[in-house]
Amino acid sequence: MVAINPKKNLNFGGNPPEINLNSNLKRWFSRNIGLWKSNRTYFLDEAQKTYNLIMNINIQALESISEWESHYKFTWYPEKKYKFFDENPQYKERGEMRAFLKGHQLNRKNFYLSNDEGISNIKQVDEHEMIFESSYEDWYILEHTRLLDADNHRFRVIYSWNKNKLKIVENHHEIKIIK
C-alpha cells in the first residue's frame, strides 16, 4: 500500500475550498458527539477467529483556538472484561485519541493500534456517510462510517491491512446512549 500524505502536508491553499468542506465535515462530526454503545464483531485472519464484544465510545468536541479547526476527543472502554484483550494484546482495552479537522483530513494525535501521530483522509459519500483512509507503520486502514435513524445509530465497517495483507475486518453497530 502507498502511504497517505507521508509529509503530513496540511496546507491546502486559500480559504474557499476549506470553507465548504470544513462546514460539511464539522456538521457531520457534530452529529457524532455523545456516548455510543458499540456492538462489535472482529474477524481476525491470522487466528481465524471471530470475536463479539461491546465497547463504549465517548466523542467530545473540544475548544479550538482556530475557527477553521474542530478538535475532538475520542475515549473508549469495554462494557465488561473480555478475553479478547488478553488473547490480542495489540488492541487497547481502553484509551483516548485526540484529533482535529483541517481541510478534508482528520489529524490524529494517535491511532487505535499505535501511538503514532497521523492523518486520515476523509471522503464524503453523502450527508450521512464518510470514508476514512489512513496509513501508519505497516498498516493501511479503510473505515466506512454511516449515521442512521436520525443519528441515533451508526454502522461502521473497518478493513485493516498489514504489510499489504488483509488482517482484520470489523463490523460495529453503534447506538447513541447520550447526546
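Which residues line the largest pocket? In this predicted model, where local features need pLDDT of at least 70, side-chain atom pairs count only at pLDDT 80 or more, and totals for chains, interfaces and linings use all residues, the lining consists of Leu44, Asp45, Glu46, Ala47, Asn88, Gln90, Trp139, Lys167 and Ile168. Residues are numbered from 1 along each chain as its sequence is written, and side-chain values use heavy atoms, with hydrogens and water left out.

A pocket is an open set of points, on a 1 Å grid over the protein atoms alone, with protein on both sides within 12 Å along at least five of seven lines; a cavity is a set of points where a 1.4 Å probe fits but cannot get out, and lining residues have an atom within 4 Å of a point. Volume is the space filled by probe spheres set on the points, with grid points joined across faces, edges and corners. The largest pocket has a volume of about 170 Å³. Its lining has four nonpolar, two polar and three charged residues (nonpolar: Ala, Val, Leu, Ile, Met, Phe, Trp, Tyr, Cys and Pro; charged: Asp, Glu, Lys and Arg; polar: the others, Gly among them).

One cavity of 30 Å³ or more was found in the whole structure. The largest cavity holds about 570 Å³ of space and is lined by 27 residues, with Arg108, Tyr112, Glu143, Arg156 and Ile158 nearest its centre. By class, 16 of the lining residues are nonpolar, five polar and six charged. Strand 9 contributes the most to this lining, four residues (strands are DSSP runs of E, at least two residues, and helices runs of H or I, at least four, numbered from the N terminus).

The largest nonpolar core comprises 34 residues, and those with the most contacts inside it are Phe29, Tyr42, Leu53, Phe84, Tyr91 and Ile122. Such a core is a set of buried Ala, Val, Leu, Ile, Met, Phe, Trp, Tyr and Cys residues joined through side-chain atoms within 4.5 Å, buried meaning under 20% relative accessible area with a 1.4 Å probe, protein chains only. Beyond its neighbours within four places in sequence, Ile122 is in contact (heavy atoms within 4.5 Å) with Leu25, Phe29, Leu101, His104, Gln105, Leu106, Met130, Ile131 and Phe132.

Strand 6 (residues 118-126) pairs with strand 5 in the antiparallel sense over four bridges (pairing requires at least two DSSP bridges). Strand 6 also runs antiparallel to strand 7, joined by six bridges, and a hairpin links strands 6 and 7 through two residues. Asn121 in strand 6 stands opposite Gln105 and opposite Glu133 in strand 7.

Definitions and conventions. Buried means under 20% relative accessible area, exposed over 50%, partly exposed in between (1.4 Å probe, protein chains only).
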